[in-house]
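Subject: Structure for you to look at

Dear colleague,

I am passing on the structure below, followed by some notes on what was found in it. Please read them with the structure open beside you.

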Amino acid sequence: MTAPASLDAAQTLARLDELTVVDVRSPAEYAGGHLPGALNVPLDRLDRAVPALKEAAARGELLLVCQSGNRSRTACERLAAQGVPALDLAGGTSAWAARGHALDRQAGAPARPPWAMDRQVRLAAGSLVLLGLLLALLVHPAFQLLAAAVAAGLVFSALTNTCGMAAALARLPYNRTPACTPDEESTLNATLARLRQG
């Protein structure tokens, strides 16, 4: 599969008013700072949004965004498989902010946004592996199975392009903001309606 077409921060800034920007991060990450005018469709809800994204892509180009560019690249590939063309912001919001471009913040967002989900997954997986190995040395060798289970989960995640650990971590309180906690479903429905209307 070929890599999705991408724009850098300068190209994006020059074309921002003609692009439909979709941020595929968690609602908490989105609330902490996103490109001006970006709509939030979390990666784990992307399949549900395909019809609305297809309608938006028929009117103009879609630009998918995440923190570093990894999740948005994955989203571009998933949409391409469904016949929906989309561009990727190279380097994500990190590259955008590094160039000095402003990020919009949602009202009620925490002063310090949570870590990016991939960083949280790496921390959790690494911690569980170390815990399993430490317990295997100090308590009982059977605790090595914890490290093996995490390794198997990471292999499964890579093969299926899904991440159960990320889905679980996204439900933790610090990954949710008061602005998106009460009814994420209605927020997503409103976003999908905006995508359909243009």
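Helix α3 passes helix α4 in a right-handed crossing, a crossing being right-handed if the near helix is turned clockwise from the far one by less than a right angle, and left-handed if anticlockwise. The contact is formed by L46, D47, V50 and L53 of α3 together with A75, R78 and L79 of α4, where contact means heavy atoms within 4.5 Å. By class, this contact of α3 with α4 holds five nonpolar, no polar and two charged residues; Ala, Val, Leu, Ile, Met, Phe, Trp, Tyr, Cys and Pro count as nonpolar, Asp, Glu, Lys and Arg as charged, and the others, Gly among them, as polar.

This is a predicted model, in which local features need pLDDT of at least 70 and side-chain atom pairs count only at pLDDT 80 or more, while totals for chains, interfaces and linings use all residues. Residues are numbered from 1 along each chain as its sequence is written, and side-chain values use heavy atoms, with hydrogens and water left out.

Helix α3 covers residues 46–59 and α4 covers residues 70–81, and the two pack at an angle of about 60° with their axes 11 Å apart. The helices α3 and α4 are therefore oblique to each other, since angles under 35 degrees count as roughly parallel, over 145 as roughly antiparallel, 65 to 115 as roughly perpendicular and the rest as oblique.

With α9 the arrangement of α3 is as follows. The axes of α3 and α9 come within 7 Å and cross at roughly 25°, which makes α3 roughly parallel to α9. Here α3 passes α9 in a left-handed crossing. Residues of α3, including R48, A52 and R59, meet residues of α9, among them E185, L192 and Q197. By class, the contact of α3 with α9 has eight nonpolar, two polar and five charged residues.

There are also pockets to look at, a pocket being an open set of points on a 1 Å grid, where a 1.4 Å probe fits, with protein on both sides within 12 Å along at least five of seven lines; lining residues have an atom within 4 Å of a point. The largest pocket has a volume of about 1,300 Å³, and of the 47 residues that line it, V24, P42, L43, D44 and R71 are the closest to its centre. Helix α9 gives the largest share of that lining, seven residues.

The second largest pocket holds about 190 Å³ of space, and β2, α3 and α9 each supply at least two residues of its lining.

With best wishes

Definitions and conventions:
Axes are lines fitted to C-alpha atoms, for helices over the stretch in contact, and angles run from 0 to 180 degrees between N-to-C directions. Helices (H or I, at least four residues) and strands (E, at least two) are DSSP runs, numbered from the N terminus. Grid points are joined across faces, edges and corners, and a volume is the space filled by probe spheres set on the points.
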